[in-house]
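I opened the notebook to record what I looked up in this model, entry by entry.

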Amino acid sequence: METRKSSWRTTVLLAYQSLGVVYGDLSISPLYVYRSTFAEDITHSETNEEILGVLSFVFWTLTLVTLLKYVFIVLRAHDNGEGGTFALYSLLCRHADVSLLPNRQVADEELSTYRLERSPEVAGRSRIKELLEGHRNLKTALLVMVMIGTCMVIGDGVLTPAISVFSAVSGLELSLSKDQHEYAVIPITCAILVFLFALQHFGTHRVGFLFAPIILAWLLCMGALGVYNIIHWNPQVYQALNPNYMLTFLKKTKKSGWMSLGGILLCMTGSEAMFADLGHFSYSAIQLAFTSLVYPALILGYMGQAAYLTKHHDFDSSNQIGFYVSVPAVVRWPVLLLAILASIVGSQAIISGTFSIINQSQSLSCFPRVKVVHTSEKIHGQIYIPEINWLLMVLCIAVTVGFRDTKHMGNASGLAVITVMLVTTCLTSLVMMLCWHRPPILALAFFVFFGSVEALYFSASLIKFREGAWLPILLALILVAVMFIWHHTTIAKYSFDLHNKVTLEWLLALCDKLGMVRVPGIGLVYTDLTAGVPANFSRFVTNLPAFHRVLVFVCVKWVPVPRVPAAERYLVGRVGPPGHGSYRCIVR
């Protein structure tokens, strides 16, 4: 009973912390969703069909994609607590032979964390599994798809902080003249971004405790403003939750309404970060925080803005249909300050997610080696990567200075977000069949239903290519090239070592011929091979006929599990006759 109470207390504490790290991104989307949607494609008319249609789209998108798909289905597809596109790939590598790196050992499957949903004998064979395992091109295509999803998350890590902070600071336009506003917003945004990235080295747990009260206050404030606007301006706005309003909206606005979906999809920003940040917290904590607080507050916030807009149509430009117009003048400054603080926090989710996903891709030999700092002694997934942090900061500032408006940033961010979601839908469908062993018809239904919703949004985003959507595509192309080349050369190096390795017997015979000298001490020879003597060592002893009395061949290898217990981390064995003093140590 005491253990259960302690477990529940831990879950509530993690749920509270998750507000500051996981949900900031999702929580601040009301700052820019309506503004991006009405930026150019559609206008806010007296009939209110547009605003009610947009509200209906926002409600059903949040409910179906974020709540149903992510919180109740995708978050279950974690890899021993780790989330993100590479975690799904790692899960698939464990249940099917789809990894391109050929260094798997039977001993790896004896790890306590190497859990399969069912043993291969019980699970039986699947046609999809046989197809994937039998075709190298399909394995490569799967890896490239995972890389594209990962690169879009990293692209989102550049765009989300820029659009979040910029949208929050843009609230100054209601209090400053146009000239003052133009010169104030960009420098303030850049200064806030520098401050945000400078905080990262303190670690997720400290940042979470610091940021969670801000997001809690922001969600309560947004919910309260929503309730006020609904009661004060239009109590009947709840009728827009009827899906018929979406059809009416599309019938009236036609092509321009379809193009405006690129702005509406920004309400889902942060859903993928929620999955990528799973390693920082736990499934139950993230689910509890979303269903009990984040989701109701977001829906009330969007409904409140729509209720205000149904009674106000006299805007100088469509750009003014933002969050702040619906905030009563009395509380506008405190709300502006809270929004700026919340936007700083909102960027934290995707930054933490970017660190996690780069760490996972590095483990899979898909990313150049970078320094990973573990900021928590208790939670394995809480990490900080200095090089990536400062690179993200420079790119964020470049995007802010280059685009200078919410419309272009929104188009770029929207394409990055929806591409990752499509990749996650494809991978989760495979996980359902190969890992959970669900009927293929169920996986197909999941893929068709969510894939069609996301494909609609993807098409609306892609058409904005020249208006900002080119940026995530360019970033993804550069990153995919880097990742694919790194992975390809890692495999080429491993294959070379494998084909050129020599046997210990050959080495012993060579030692006798050369009159080999054994010097005191321990010699460590690093290699990717799990068997045999690497060719570079045979060349070494040929040129310098001496090596240490104790020789250890060390292989540091990745295993498709998020963590290996300390007691199971080392496989040590003798190589050659007992008197030779040669050993092999495989560090997993």
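Which residue stands opposite Arg-584 in β6? I found Gly-573 opposite Arg-584. I note that this is a predicted model, in which local features need pLDDT of at least 70 and side-chain atom pairs count only at pLDDT 80 or more, while totals for chains, interfaces and linings use all residues. Residues are numbered from 1 along each chain as its sequence is written, and side-chain values use heavy atoms, with hydrogens and water left out.

**Hairpin.** I looked up β5 (residues 570-575) and β6 (residues 582-587), which run antiparallel and are joined by six bridges; strands pair if DSSP finds at least two bridges between them. Six residues lie between β5 and β6 in the hairpin, and Gly-576 in the turn has a positive phi of about 85°. Strands here are DSSP runs (E, at least two residues) and helices likewise (H or I, at least four), numbered from the N terminus.

**Cores.** I then turned to the largest nonpolar core, which has 166 residues; such a core is a set of buried (under 20% relative accessible area, 1.4 Å probe, protein chains only) Ala, Val, Leu, Ile, Met, Phe, Trp, Tyr and Cys residues joined through side-chain atoms within 4.5 Å. Helix α14 (residues 283-310) gives the largest share of this core, 17 residues. Tyr-34 is one of the residues with the most contacts inside the core. Leaving aside neighbours within four places in sequence, I found Tyr-34 in contact (heavy atoms within 4.5 Å) with residues including Ile-51, Tyr-302 and Leu-309.

Notes: Buried < 20%, exposed > 50% of the residue type's maximum accessible area, 1.4 Å probe, protein only.
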